[in-house]
Amino acid sequence: MDGHILIKQGQIYNGIDEQPWVGDILVKDGKIEKLAEIIEGRIVNDAQIVDATGLNVYPGFVEAHCHLGLDGYTGGLAEEDFNELNDCVTPQLSAVDGINPMDITFQMAREAGITCVCTGPGSSNVLGGTFCVLKTVGRRVDDMLLKEKAAMKCAFGENPKASYQDQSISCRMTIAAKLREMLQKAKVYEKERGPFDAKLEALLPVIRKEIPLKAHVHRADDIFTAIRIAKEFDVKLALDHCTEGHLIAEELAKEGYSLAVGPSFGHASKKELEQKTFETPAILANAGCKVAIITDSPVVQEQYLTLSAAMAIQAGMTEHQALQAITIHAAEHIGVSDRVGSIEVGKDADIVIVDGSPFVTDIQICYTIIDGDVVYKNTSDRKCRS
């Protein structure tokens, strides 16, 4: 992270403006220090030069919802750490206590240009615990964090019902009731401060509007239930999956909540996914919604985030909309757009340099840079080597 890197003469897609421009990017101590058509002077002599001539330069790609590091690449019960199945209400759990940075999925993500992810508990529980935001490089999770507690996971629909059918949940009304009960208890707990309660303590940042509820919602009615409860308790809300979002696009545009859409690959493996389509991101974006595209890895492997965006383009999104869905809009969805998601002065130097378009099946990542360090360099592509 020390010293200067000068990325020379790449075609820069900054994640904000629709039209790219050719220029230089000066990086110092992990931050973007200067952007210009040409950067000259004494500083150039001391900088590590990355020649991006003829290449495309993008912000590091951002995943707004996944379980990276909590479900190992080889799978199986031994590596599944993203769902606690002994209690349907577990807000006290924290993703950082289950993430394995040594898992190969982090390397695979870096090599695909994914530099930042929001990862956390699954959707078996009504309240599952806190998601965190971290960079995709490092050996110790504490050193990778942008936000230790970024959002509180809650889930509606089939997953909590299926996980607790024989114990405590058999219908959607119960899910909503349990969430309301915990939020109301947390409000009382904040005022009265009785004996310590780990579950209620964990919900205080939600009640104080410091972090949002991160709601797992597929069906349109579940989306509206999440919105209803968020308004009732005056808490922040981010909506994830939104499989039927395209059916209620105008309503969602009026509501103004950030939406993360996906995963859209694969079969409709349960009833609430029967409306799944790659057209959803385009319909929502064109209605005026801010849309992030997600893999929900390991449901779709993390390295296919750009391919998911490419499929959304094929189904009606513009390339600019799709790029924003995996950069600045994704960063906004998880509350870190002040640090990542665009190429702007003062932001973290998370940059991806690509030979050609990232929205193709044979994507050629030349460099992945995180916090000003080259964490991946492609030595097989001719343009990348030059």
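Which strand does Ile351 lie in? Ile351 belongs to strand S14, residues 351–354. Keep in mind that this is a predicted model, so treat what follows as a quick tour of computed features.

- Ile351 counts as buried, because its relative accessibility is 0%.
- Ile351 and Ile114 are 237 residues apart in sequence, yet their C-alpha atoms are 9.5 Å apart in space.

**Strand S6**

- Strand S6 covers residues 61–66, and six of its six residues are buried.
- S6 and S7 run parallel, joined by four bridges.
- Across from Val62 you'll find Cys116, which sits in S7.

**Helix H2**

- Helix H2 takes in residues 104–111, and its buried residues are Thr105, Phe106, Met108, Ala109 and Arg110.
- What do the buried residues of H2 pack against? They pack against S7, S8 and S15, plus helix H3 (141–144) and strand S16 (373–377).
- Just past the end of H2 comes Gly113, with a positive phi of about 90°.

**Aromatic rings**

- The model has three aromatic pairs.
- One of them is Tyr13 with Tyr58, a stacked pair with 4.8 Å centre to centre and 15° between the planes.
- That pair links distant parts of the chain: Tyr13 is in the loop between strand S1 (4–12) and strand S2 (21–28), while Tyr58 is in strand S5 (residues 56–59), 45 residues apart.
- Tyr58 counts as buried, because its relative accessibility is 4%.
- Another pair is Phe265 with Phe278, this time edge-to-face, at 5.0 Å centre to centre and 75° between the planes.
- Phe265 and Phe278 both lie in the loop between strand S12 (259–261) and helix H9 (280–286), so the pair ties together parts that are 13 residues apart in sequence.

**Ser124 in its loop**

- Ser124 is found in the loop between strand S7 (114–119) and strand S8 (127–135).
- Despite being in a loop, Ser124 counts as buried, because its relative accessibility is 9%.
- The side chains of Ser124 and Ser163 are joined by a polar contact of 3.2 Å.
- Not counting residues up to four places away in sequence, Ser124 touches Asn83, Leu85, Asn159, Pro160, Ser163 and Tyr164.

- How many disulfides does the structure hold? There is one disulfide.
- A disulfide is a covalent bond between the sulfur atoms of two cysteines.
- Here the partners are Cys366 and Cys384, with 1.9 Å from S to S.
- The link of Cys366 and Cys384 is left-handed, with -65° about the S-S bond.
- This pair links distant parts of the chain, 18 residues apart: Cys366 is in strand S15 (residues 365–370) and Cys384 in helix H13 (residues 382–385).
- Both ends are hidden away: Cys366 is buried at 0% relative accessibility, and Cys384 is buried at 1%.
- Cys88, on the other hand, is in no disulfide, and the nearest cysteine sulfur, that of Cys171, is 12 Å away.
- Cys88 is buried, with a relative accessible area of 7%, while Cys171 is partly exposed at 23%.

Methods
Residues are numbered from 1 along each chain as its sequence is written. This is a predicted model: local features need pLDDT of at least 70, side-chain atom pairs count only at pLDDT 80 or more; totals for chains, interfaces and linings use all residues. Side-chain values use heavy atoms; hydrogens and water are left out. Rings of Phe, Tyr and Trp (its six-membered ring) pair if their centres lie within 6.5 Å; planes under 30 degrees apart count as stacked, over 60 as edge-to-face and the rest as tilted. Helices (H or I, at least four residues) and strands (E, at least two) are DSSP runs, numbered from the N terminus. Buried means under 20% relative accessible area, exposed over 50%, partly exposed in between (1.4 Å probe, protein chains only). A polar contact is a pair of N or O atoms within 3.5 Å; within protein, one must be able to donate a hydrogen and the other to accept it, and residues adjacent in sequence count only if both atoms are side-chain atoms. Contact means heavy atoms within 4.5 Å. A disulfide is a pair of cysteine sulfur atoms within 2.5 Å. Two strands pair if DSSP finds at least two bridges between them.
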